[in-house]
Amino acid sequence: MRILFLGDIVGKPGYTAVLQLAESIRKQERIDFLIVNAENASDGSGLMPRQFRRLLDAGVDGVTLGDHIFRRKDIIETLQKSDRIVKPANFPDAAAGRTWTLINREGLEPLAIVSLMGRVFMRPVDCPFDAIDRVLEEIGDQTTQVLVDVHAEATSDKQAIGRYLDGKVTAVLGTHTHVPTADATIFPGGTAFQCDVGMSGPYESIIGRDIRRVTQTTRTFEPCHFHVATKDVRLCGAIVESNDQGRAVSIERFEHRVAESS
Ligand SMILES: [Fe+2]
Ligand SMILES: [Fe+2]
């Protein structure tokens, strides 16, 4: 099966592009499952329930988040009720949301999706290795196809989790840095891996935000609101093709440049 995973949707430019292009990309790339990380969809931080519903209506099958999960607290009810969205599996048990979910599409082996947070230069969270062990135990033989979104800052953190999961899951794909890395590969055990698939948002920016404002605050330490940038919108991700055993047979970087409207 062919899985397209799109990295962090940033603000209206990224969100609108996904809504407009999801169906055509699905057809063009013969995608069976379209999974997106949407942690920055709502004006650059968080995800609103209305946006979540529209993503599903547009052809998205499942949604992961990250450190910005609760930036819009309206999403809590969605996390409690929907089986198309997950919280990071190494978040506290008491936090709203499921640690994994099974996405079903007719005639296909279901796809389990899991999100893990890294621990280097990130807020303190539970051990991602223990968390994924628990999740894989729960998934058991319900499916062979497992996609893990590893949401982390450090490439070493992501590689450690990727190597730990080699031969146990279909793909370990990175998010959070918003910058795609050139290391897409299949590990010896058959697990596809990429440190970061890149954001789906405006690339004429500093990780999705207005260049001038971020630079100004970085130089002066004076706070200001970082508007979401608008130009050079790209949808970035990875397409993983897997066999019946749930191991990857190919991984390719996906990048779709959205035509400027004006
Ligand atoms: Fe993040
Ligand atoms: Fe992000």
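Val 148 stands opposite Val 172 in strand 7. The structure is a predicted model, in which local features need pLDDT of at least 70, side-chain atom pairs count only at pLDDT 80 or more, and totals for chains, interfaces and linings use all residues. Residues are numbered from 1 along each chain as its sequence is written, chains are lettered from A and ligands numbered from 1 in the order in which they are written, and side-chain values use heavy atoms, with hydrogens and water left out.

Strand 6 (residues 145-151) and strand 7 (residues 171-175) pair in the parallel sense over five bridges. Strands (E, at least two residues) and helices (H or I, at least four residues) are DSSP runs numbered from the N terminus, and two strands pair if DSSP finds at least two bridges between them. An open sheet of six strands has the order 4-5-6-7-9-8, and its pairing is mixed. Its edge strands, strand 4 and strand 8 (185-186), each pair on one side only.

The iron ion (ligand 1) is coordinated at 2.0 to 2.1 Å by Glu 39 (OE), Asp 67 (OD), His 151 (NE2) and His 176 (ND1). Donors are N, O and S atoms within 2.8 Å of the metal (3.2 Å for Na, K and Ca); water is not among the atoms, so sites may look incomplete. The angles among the four donor atoms run from 86 to 144°, and the site of the iron ion (ligand 1) is irregular. Four donors count as tetrahedral if all angles lie between 85 and 135 degrees; four count as square planar and six as octahedral if opposite donors are over 155 degrees apart and all others between 65 and 115; anything else is irregular. Glu 39 lies in the loop between strand 2 and helix 2 and His 151 in strand 6, so the pair ties together parts that are 112 residues apart in sequence.

Buried means under 20% relative accessible area, exposed over 50%, and partly exposed in between (1.4 Å probe, protein chains only). His 151 also counts as buried, at 0% relative accessibility. The side chain of Glu 39 reaches the backbone nitrogen of Asp 67 at 3.2 Å. Asp 67 is placed in the loop between strand 3 (62-64) and helix 3 (75-81). Leaving out residues up to four places away in sequence, Asp 67 touches Glu 39, Met 117, Arg 123, His 151 and His 176, where contact means heavy atoms within 4.5 Å.

The UniProt annotation "binding site", from an unreviewed entry, covers Glu 39, Asp 67, His 151 and His 176. These residues are spread over 138 residues of sequence but cluster in space, with a largest C-alpha distance of 10.3 Å.

Gly 97 is found in the loop between helix 3 and strand 4 (100-103). Gly 97 is partly exposed, with a relative accessible area of 25%.

Conventions
UniProt positions renumbered as here; feature names shortened; annotations may be inferred. Polar contact = N/O pair within 3.5 Å; in protein donor to acceptor, adjacent residues only side chain to side chain.
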